[in-house]
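Thanks for coming. I will go through one model this morning, starting with a pair of strands and then moving to the ligand.

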Amino acid sequence: MIASQQDSGVHSETYDAVIVGAGFAGLYMLHRLRGLGLSVRVYEQGGDVGGTWYWNRYPGARCDVESMQYSYSFSEELQREWEWSERYAPQPEILRYANHVADRFDLRRDIQLGTRVEAATFHEDESRWSVATQDGKTVSAAYFILATGCLSNARIPDFKGLDRFRGATYHTGHWPHEKVDFTGQRVGIIGTGSSAIQSIPIIAGEALHLFVFQRTPNFSVPAHNASLPPEIEREWKADYTNRRRRAREESRNGILTVIPERGALDDTEEARRLEYEAGWRRGGISFMASYNNLLLDQASNETACEFVRSKIAEIVRDPAVAKLLEPHDHPIGSKRLCVDTGYYETFNRPNVTLVDIRSHSIEEILPDGLRTGGKDYQLDSIVFGTGFDAMTGSVAKIDIRGRAGTTLNQKWAEGPRTYLGLMSAGFPNMFIITGPGSPSVLSNMIVSIEQHVDWISDCVSYMRERNLVVVEATKSAEDHWVTQVNEVASSTLYPQANSWYMGANIPGKPRIFMPYIGGVGAYRQICNGVAARGYEGFRMTSGGHGAIPVAAE
Ligand code: N01
């Protein structure tokens, strides 16, 4: 094992639990563990709480899950008193909400901001974790909990010449806190994922000229965002308990949506068109709920693709530009469906140019622009909407060592392996909130976060009542779960896309469909069943060297 600071055995503080990250997962985890009487320390690398909503401050950033559903349900008072202003909350409002939660539940006193966790090592003799932070401290904890987020490791591709660019560069996931003013500038944006698609219409309204460098066109549907009518909010709040329960237990993705009991090909072409029109008018990701088989059946999916392509052709005036914007390389919904405000319309503006970097990739970044297809584009600023090393990227940045000094990066070299997305064999007492192998990014994140945090809290409570010290996923349970995750994924159209769900956006990253696709309701039942059967597939012991010899399985 590499000698590192945390191996010195000198700990400045001792806690029952250390949590990494103070986004929605870390905040609620802290609240629950404190409620159980545990001493907890949260380390957060950002300058404040809020996680994703702290970092993603790009113009136009807002949630694609409706406000009444994208919020905590654990506190009746909180969900009644908080008022959302819009159908889809903008980033500043969600960040205010995260701060309100931190204050209302007095969470800040256990959160250390501006502190990266650099390493964590499990000491088998003590059955405890040593956690080393960037400020040079090492603390000891019984439980080590990763609330690091799934889309928190922003990535700028390795473009030749990038370091010589004289203008300003921005990544959507690492946006400055002060207003960026593009007035009078020639701006280039690289990428056309959800983040870029939200920011392009706003930047276009400000810049002298905006060049959109598109490698792969994406499907996007209108958000139809608007202020939230008070009567809708009242209606939701009057029925909150029931609606929250249904979203948790009955839906596939933690969002209350009515899905018809028909597949797309059960309808006539005319009826289908009307159904899709209704979905387009309604707006948002519930467009994918127009039929029950859009992500299962290729021919059905193609009808939805065709509908969106026809909308693009209707909206975008220049037929050549419209053609370039039409996606043909993946089934709709197999990458996260984008939700926009005026995205396709933006390409009718005289100050916006769509540049195809599929046929000619970006050759190099120049001191005053970039070169592609043998042509130079003069730019004052470049915005990277190039995404994230998703689901595993932030975990991989921490040097995590489990039994026998094995690192998590070694164990996950061929792709992440977990049992239920909650634990990885060989890493006792380490929990992952919304980790790979759980519904996570395919769901309303707050629903999945609450489910995991509640499950972990119940598990810790169960152990404490029985004087158990170590919990660990068994290798056989993990192997079985990984197989199940892959099997469910391969019965859908998802693996057909080169998406970040598959790790396909990172050169060299193993191609494995990372989230569990079986739906939040079914997944919750599985997790509850495991707990009810005495934490089946996990081994719990009273600690020490005699615990769980994983290699012996
Ligand atoms: O990132 P992305 P994102 N050269 O990975 C392109 C959530 N989210 O930040 O497809 C040229 O989706 C890449 O092209 P390609 C949501 O879950 C939610 O936009 O790889 N281009 C793609 O166009 C979402 O899915 C909300 O060919 C390169 C883009 O960059 C997730 O976050 C809002 C390139 C990356 O798209 C990530 O979205 C925002 C290269 N070398 C985000 N490398 C809402 O709630 C990458 N690209 C609304």
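**Strands, ligand and one loop**

Strand E8, residues 186–190, has 4 of its 5 residues buried, so it is largely enclosed by the rest of the structure. Buried here means under 20% relative accessible area, exposed means over 50%, and partly exposed is in between, with a 1.4 Å probe and protein chains only. Strands are DSSP runs of E with at least two residues, helices are runs of H or I with at least four, and both are numbered from the N terminus.

Before going on: this is a predicted model, where local features need pLDDT of at least 70, side-chain atom pairs count only at pLDDT 80 or more, and totals for chains, interfaces and linings use all residues. Residues are numbered from 1 along each chain as its sequence is written, and side-chain values use heavy atoms, with hydrogens and water left out.

E8 pairs with strand E9, residues 209–214, in the parallel sense over 5 bridges; pairing requires at least two DSSP bridges between the strands. E9 itself is mostly covered, with 6 of its 6 residues buried. His209, Phe211 and Phe213 point one way from E9, while Leu210, Val212 and Gln214 point the other way. In a regular strand the side chains alternate between the two faces of the sheet.

Now the ligand. How many residues surround it? There are 25, and the closest are Thr192, Ser195, Arg215, Thr216 and Trp500. A residue counts as near if one of its heavy atoms lies within 4 Å. The shell divides into 9 nonpolar, 10 polar and 6 charged residues. In that count, Asp, Glu, Lys and Arg are charged, Ala, Val, Leu, Ile, Met, Phe, Trp, Tyr, Cys and Pro are nonpolar, and the others, Gly among them, are polar. Helix H5, residues 194–204, gives the largest share, 3 residues.

Where does the ligand sit relative to the domains? Domain 1 (8–153 + 390–472 + 515–535) and domain 2 (162–384) both give residues to its shell, so the ligand lies between them. The bounds come from an automatic or database domain assignment.

As for atom pairs, an N or O atom in the side chain of Ser195 is 2.6 Å from an oxygen atom of the ligand. Backbone N or O atoms also lie by ligand oxygen atoms, at 3.0 Å for Ser194 and 3.2 Å for Gly385.

Last, Arg317 sits in the loop between helix H9 (298–315) and helix H10 (319–325), and counts as exposed at 64% relative accessibility.

Conventions: A polar contact is a pair of N or O atoms within 3.5 Å; within protein, one must be able to donate a hydrogen and the other to accept it, and residues adjacent in sequence count only if both atoms are side-chain atoms.
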